[in-house]
Amino acid sequence: MRSRLLVVGSLVPLVLSGCFVSKVATEKPELPLPAALPAQVDSTAQLPDPWWTIFQDETLDKLVEEALAHNPDVTIAAGRVAEARAGLRITNADRLPNLQLQGDATRSKDSALVNTFPGVRLEQTTYTVQGAVG
C-alpha cells in the first residue's frame, strides 16, 4: 500500500508539470512575401510523332523503318502505343470544360372557333434556348 502511494506521489508532479503554461510573447514574425507567384511552367515536353527523329540520325531512322517493315511484333507494339495515347486523350478530355447549347422554335395557330377574342393573333411563334456549362 505504501509503495503504491509512493509511486502515485512521484507521478503527480510529473503529470502536473505537463500542465504548466509559460507566458510567451505571441508576436508573428515578419515574413518577406513576393509580390506575385512565379508563372507555372508546363512540365511535360511534347515529343515528335516518330520520337526517334529527335536524335536526327539517318542511320537510326533507317534501322527503325526497317524494323517496322519486317517485324510484325514491333508494328503491333507501335499500334498499342498509339492506342494508349488515344485512350489518354479521351480520358483527359473530361478535364476540359463542356458546353451544351440547344435551341428550338415552335410555330402554332389556334382555331378561329377556339380563340374568339378580338385583337388576339391566331399565330404564335415560341423560341427557346437552353444552355449548360459543366
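**Group meeting: a pocket and a surface patch**

Hi everyone, let's start with the largest pocket, which holds about 300 Å³ of space. Please keep in mind that this is a predicted model.

Which elements give two or more residues to the lining of that pocket? They are α2, spanning 58–70, and α3, spanning 72–92. Of these, α3 supplies the largest share of the lining, with six residues.

If you'd like to find the lining on your screen, look for Asp49, Trp51, Trp52, Val64, Ala67 and Leu68, and then Val74, Ala77, Ala78, Val81, Ala82 and Arg85.

Now, Trp51 brings us on to the surface. Besides lining the largest pocket, Trp51 belongs to a nonpolar surface patch with Leu47, Ile54 and Phe55. Together, the four have about 460 Å² of accessible area.

Phe55 sits in the loop between α1, which covers 2–17, and α2. Its relative accessibility is 54%, and the cut-off for exposed is over 50%, so Phe55 counts as exposed.

Pro50 is also worth a look, and you'll find Pro50 in the loop between α1 and α2. Is Pro50 buried, exposed or partly exposed? Its relative accessibility is 33%, so Pro50 counts as partly exposed.

Key:
Residues numbered from 1 in each chain as written. Predicted model: local features only at pLDDT ≥ 70, side-chain atom pairs only at ≥ 80, totals over all residues. Heavy atoms only, no water. 1 Å grid on protein atoms, 1.4 Å probe; cavity = no way out; pocket = protein on both sides within 12 Å on 5 of 7 lines; lining within 4 Å. Points joined across faces, edges and corners; volume = space filled by probe spheres on them. Helix = DSSP H or I, 4+ residues; strand = E, 2+ residues; numbered from the N terminus. Patch = residues over 30% accessible without salt bridge, like charges linked within 9 Å, V, L, I, M, F, W, Y side chains within 5 Å. Areas by Shrake-Rupley, 256 points an atom, 1.4 Å probe, with all protein chains shown as cover. Salt bridge = Lys/Arg side-chain N within 4 Å of Asp/Glu carboxyl O. Buried < 20%, exposed > 50% of the residue type's maximum accessible area, 1.4 Å probe, protein only.
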